[in-house]
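Have a go at each one before reading its solution.

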Amino acid sequence: MEDTYTMYQLEDTKRKPYLVSVKLNNTLINMEIDTGASVSVISQETCKQVFGSDHSLEKSPCSLCTYTGEKIDVLGKRNVTVIYNKIGKGGNIEKVEFSEWAAPIVPIVKPDKSVRICGDYKVTINQVSKLDNYPIPNTDDLYATLSGGQAFSKLDLSQAYQQIVLDEESRTYVTINTHKGLYQYNCLPFGVSSAPGIFQRTMENLLQGIPKVVESRRHSYHWKFKE
């Protein structure tokens, strides 16, 4: 049975497409991110560029069509391996065989153009968990606290929320479902609705009592008067 996928293309001159560099067969190519895409498509020219003389294709079981229903010819398919840079490395995430909870993944493009893989927890744990409404300080309050300083420093915590280790019981709730199987976070992941409140409370408790220090989300600021 043939699967049919619809291809959409919306023109927006005000917004450039989100591109990431993907290595296929040791060749870097730019591909546009589409969080709702079911398949990845490259042109025949790109296929020849990537695979050289060995650009033979297998027969594809799917077909493509435009939004209005016109059929797009599919020349064939080529199986490739997708590598998630940090999956299974560094102790932050690990593969599991079974889980009662499994959220789909969503790629998020960061300001530096890198891509962060997040769980789409609005369809799982965010629907049933109690929201942590711990207050987040606004910019005016931070400026008021920092007023009078003449020299400032800032600490930026890498992968902010993931500095917080989850207990064993909580980890099953933040499982993600990938084409490689189920993976479970060992640390607080992005996408959990209570993550900002949990992180803010934790950091404020850690920094409590240290003079001339304020905390805002993933940044800690310190100020002092010049001698």
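**Exercise 1.** Work out which residues ring pairs link into a cluster.

*Solution.* Start with the rule: rings of Phe, Tyr and Trp (its six-membered ring) pair if their centres lie within 6.5 Å; planes under 30 degrees apart count as stacked, over 60 as edge-to-face and the rest as tilted. Applying it links Tyr161, Phe190 and Phe199 into a cluster. This is a predicted model, where local features need pLDDT of at least 70 and side-chain atom pairs pLDDT 80 or more, while totals for chains, interfaces and linings use all residues. Side-chain values use heavy atoms, without hydrogens and water, and residue numbers run from 1 along each chain as its sequence is written.

**Exercise 2.** Count the aromatic pairs, then describe the one between Trp101 and Tyr173.

*Solution.* The rule gives three aromatic pairs. Trp101 sits in the loop between β6 (93–96) and β7 (103–109), and Tyr173 in the loop between α4 (168–171) and β10 (175–178), so the pair ties together parts 72 residues apart in sequence. Helices (H or I, at least four residues) and strands (E, at least two) are DSSP runs, numbered from the N terminus.

**Exercise 3.** Are Tyr161 and Phe190 buried or exposed?

*Solution.* Buried means under 20% relative accessible area, exposed over 50%, partly exposed in between (1.4 Å probe, protein chains only). Both Tyr161 and Phe190 are buried.
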